[in-house]
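Please examine the strand arrangement of the model shown below.

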Amino acid sequence: MPLVIDNPSSDSCSLKECIAALGDIGFDADDPASTRAAADWLRRLANNRTFLGDVLIDRLAGRGGDEIASGYGPQAIVLSRPRDNCPGAAFLRAAIWPSPRDHVFQTSGAGSFVYGAPHDHNFDFLTVGYCGPGYASDYYEYDYEAVAGYPGEDAGLRFIERSVLSPGKLMLYRRHADVHSQLPPERLSVSVNVMRLDPAQGWHDQYGFDLKAGTVTRWLNPLAAEAFLRVAVASGAPGAWDYAAWVGTRHPSERMRLASFEARAEMLDKPAEVDALWRAGELSGSRMVAGAARMRRGLLEQP
């Protein structure tokens with residue numbers, strides 16, 4: 001589960017001070033010193049019990065507020081922007097967690113706030129419970145390197161515990177290791193996060209899981225290139241099929257390799273041709289494609 005960070009400091013800081021400090025030090029979860037420094041500033045900010053309310057009131061009243069944005073939708077508030085050209089550039093985000101008694105929960109449903117949707121993360125982040133009782137999570141761990149990543153694959157999930165992100169609790173969520181299924185809090189709650197900007201993040205898969213079956217269900221990080229490839233093949237554009245065939249055996253992203261096989265399979269009418277394509281996928285050298293190909297060929301064999 002995420003690593004709980006023991007930091008009993010009572011020091012506090014302003015939002016501007018925290019933003020400036022994170023701009024200088026950044027955040028690299030692979031560096032213990034960097035993690036401790038970023039967590040220390042997050043603790044100080046969390047000890048400031050009025051900063052978020054002050055910022056939101058100023059924004060609502062039209063007084064400033066240029067430093068915040070809703071880049072992640074209405075549930076999340078981006079409180080700072082990462083400093084350009086800073087190693088391990090970090091930014092701050094506040095996340096709002098409605099309870100079942102809140103109108104927005106009742107009208108939008110639990111799924112709109114990722115409740116009951118088990119998932120991992122393809123990035124590290126620090127989080128602290130800021131206000132309200134905090135959401136609960138059923139925490140699991142898994143071996144990312146042992147998983148090929150195709151839907152339906154056994155993920156080898158190991159249940160750890162159920163716990164609550166209570167006020168003041170400070171944790172490090174580890175990329176490709178911690179899986180959680182979140183439960184709504186008893187009352188509206190807010191957490192504050194330190195996030196790291198990583199341009200390569202989008203190419204690292206983030207998974208959804210089926211806890212009952214213990215399997216990978218889907219990818220949560222969209223790839224625009226994957227959609228482009230599917231459309232190109234479906235359009236019948238000259239060269240699209242040959243390019244997709246190259247992607248299926250040579251592209252560095254296994255997601256793109258699998259997309260190339262799926263795009264081509266959708267264009268074939270004869271079951272024998274589809275079977276031959278997926279047979280080639282089993283021999284493609286990609287664990288993800290081979291695993292998916294075995295499942296697809298098994299479905300073709302069913303009466």
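In this predicted model, β6, β5 and β8 form, in that order, an open sheet of 3 strands with antiparallel pairing. Strands here are DSSP runs of E with at least two residues, and helices are runs of H or I with at least four residues, each numbered from the N terminus; two strands pair if DSSP finds at least two bridges between them. Because β6 (158–164) and β8 (178–183) stand at the edges with a single partner strand each, one side of each is left without a neighbour in the sheet. From one strand to the next, the twist averages 20°, an angle between N-to-C directions on a scale from 0 to 180 degrees, with axes fitted to C-alpha atoms. Strand β5 (residues 136–141) pairs with β8 over 6 antiparallel bridges, and alanine 136 has leucine 183 in β8 as its bridge partner.

Residues are numbered from 1 along each chain as its sequence is written. Local features need pLDDT of at least 70, side-chain atom pairs count only at pLDDT 80 or more, totals for chains, interfaces and linings use all residues, and side-chain values use heavy atoms, with hydrogens and water left out.

Strand β2 (residues 76–78) pairs with β3 in the antiparallel sense over 3 bridges, with alanine 76 partnered by alanine 95. Strand β9 (residues 189–196) also runs antiparallel to β3, joined by 8 bridges; here tryptophan 97 stands opposite serine 189.
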